[in-house]
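Subject: Structure handover

Hi,

Here is the structure I promised you. Please open it beside this email and follow along.

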Amino acid sequence: MTIDPWKVEEIKNYEKLLNEFGLEDFGKIVRKISNPHLLMQRGVVFGHVDFVKIASAIKSKKPFAMLTGLMPSGKFHLGHKMVADQIIYYQSLGAKVFLCVADVEAYNMRLASMDKLRKIAIEEYLTNYIALGLKKKNCDFYFQSSRSKDADKANAYYKLVGMAAKKTTMNQLKAIYGDMSPGKLMSVMHQVSDILHPELKEFGGKKPVVVPVGVDQAPHLRLTRDIAAAFNRSKEYDFILPSSTYHKFMKGLKGHKMSSSDPYSYVALTDTEKLAKEKILKHAFSGGRETLKEHRKKGGVPEVDVAYNMLYFMFESDDKKIKKVYDDYKSGKLLTGELKQILLEKLVKFLVTHKEKREKAKDKVHDFLE
Ligand code: TRP
């Protein structure tokens, strides 16, 4: 199995991915965290590299950082919320949070102007992050194309972008990414600097850094660790190799991928109550049977049911309650329509309060920008 980060396919077998990408099973380390996030408990965050460093920093209350990047595109939906929830979780644990808008990457790899990308990053992503609970304290939100107004900081970041290339070869890049292009090369070197620069003295100095990402980003993280190790060997820098965690992708409503070009494949955080209901009732893929009689007899298939999955991964944190939903659906006692109502009650409540929070968040956006 190969993964091309610029062409994400639907991933069916996450177990297999652990082996092939040399990722460790997050389920084995989750016990070492005193207060794991629901996404960690429920196995959405399923893999990691070197998370022990982070677990012990959390435990001993030592400084650590979290960095992740976002590719501004379209509407902010529940899949994006999954990442936001992790960011906010780390911030609440005391991590210094670095949020990178990958505008250089998006500009090179997708069709969008820099201005448009900036606007989407602020109006969709940042505003929703704040509404979901992101705080200004201990948060450094930046764009790849304009790291900082502080010249020392900016220089340190771009110096690393420029130097990273020397620590790899075209053959290594091709082995990891397949065909290379100038745009990919620029994207990769920026991403290496994104991941490593929180450890530079201009950004607070050496510390463990965790990078929570979708599993499509595993190749970038592997390369970055190699490059960091090469810098350490040459004594030009002294990095703690970055840790990372990998989450599964949230399935789209129709059971396939979410796609920003198809609004009926996701629930956006700006969807109205009416639209969200329509999406769930008419479009969410059901694990129920064709007829009522058959459903009662054979039971539903919660594993493939989109409504069940949303409850499990996001909206029902009570283990007993989710187990009951699972058992009742599987036995045929609970019908598809009823299951969808259980989800909708939670989802609609969330969307309505989120809308108010987002209005308030708009006033705070400027505090996060330089
Ligand atoms: N390549 C990432 C994506 O496609 C975006 C990104 C840029 C990133 N820099 C990063 C992710 C640093 C994690 C860490 O979404």
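Start at the beginning of helix α15, where a side-chain oxygen of Asp318 comes to within 2.9 Å of the backbone nitrogen of Lys320. That is a polar contact (a pair of N or O atoms within 3.5 Å; within protein, one must be able to donate a hydrogen and the other to accept it, and residues adjacent in sequence count only if both atoms are side-chain atoms).

Before we go on, some ground rules. The model is predicted, so local features need pLDDT of at least 70 and side-chain atom pairs count only at pLDDT 80 or more, while totals for chains, interfaces and linings use all residues. Residues are numbered from 1 along each chain as its sequence is written, and side-chain values use heavy atoms, with hydrogens and water left out. Helices (H or I, at least four residues) and strands (E, at least two) are DSSP runs, numbered from the N terminus.

**Helix α15**

α15 covers residues 319–331. Its 13 residues reach 18 Å from first C-alpha to last, close to the 18 Å expected at 1.5 Å a residue. The expected span is 1.5 Å times one less than the number of residues.

Which residues of α15 are buried? They are Ile322, Val325, Asp328 and Tyr329. They cover an arc of only 130 degrees around the axis, so they sit on the same side of α15. The arc is that of the directions from the helix axis to the C-beta atoms. Buried means under 20% relative accessible area, exposed over 50%, and partly exposed in between (1.4 Å probe, protein chains only). An α-helix has 3.6 residues a turn, so residues three or four places apart point the same way.

The face turned away from the buried side carries the exposed residues Lys320 and Lys323. The cover over the buried residues of α15 includes α13 (292–298), α14 (306–315) and α16 (336–362). Contact here means heavy atoms within 4.5 Å. Just after α15, Gly332 has a positive phi of about 95 degrees.

**The sheet**

Now find the open sheet of seven strands. Its order is β1-β2-β7-β6-β3-β4-β5, and the pairing is mixed. The edge strands are β1 (24–25) and β5 (139–143), and each pairs on one side only. Two strands pair if DSSP finds at least two bridges between them.

Walk in from β1. It runs antiparallel to β2 (residues 45–49), and two bridges join them. Glu24 has His48 of β2 as its bridge partner. Asp25 stands opposite Gly47 in β2. Five of the five residues of β2 are buried, so the rest of the structure largely encloses this strand.

Next comes β7. β2 and β7 pair in the antiparallel sense over four bridges. Val49 has Ser244 of β7 as its bridge partner.

β6 (residues 209–214) is mostly covered, with six of its six residues buried. On one side are Val209, Val211 and Val213; on the other are Val210, Pro212 and Gly214. In a regular strand the side chains alternate between the two faces of the sheet.

What are the partners of β6? With β7 (residues 243–247) it pairs in the parallel sense over five bridges. Pro212 has Thr245 of β7 as its bridge partner. With β3 (residues 65–70) β6 also pairs in the parallel sense, over two bridges. There, Met66 has Val210 of β6 as its bridge partner.

**Helices around the sheet**

β6, helix α11 (residues 218–233) and β7 form a right-handed β-α-β unit. Right-handed means that, with the strands pointing away from the viewer, the path from the first strand over the helix to the second runs clockwise. Arg222 lies in α11. It is partly exposed, at 41% relative accessible area. Arg222 and Val49 are 173 residues apart in sequence, and 9.2 Å apart in space, C-alpha to C-alpha.

In helix α4 (residues 52–59), the residues Ile54, Ala55, Ala57 and Ile58 are buried. Their arc is only 165 degrees around the axis, which puts them on the same side of α4. The buried residues of α4 pack against β6 and β7. Just after α4, Lys61 has a positive phi of about 55 degrees.

**A buried lysine**

Last, look at Lys279 in helix α12 (residues 273–283). Is Lys279 buried or exposed? At 1% relative accessibility, it counts as buried. Its side chain makes a polar contact with the side chain of Asp271, at 2.7 Å. Lys279 also touches other residues, including Leu253, Pro263 and Tyr264.

Best wishes
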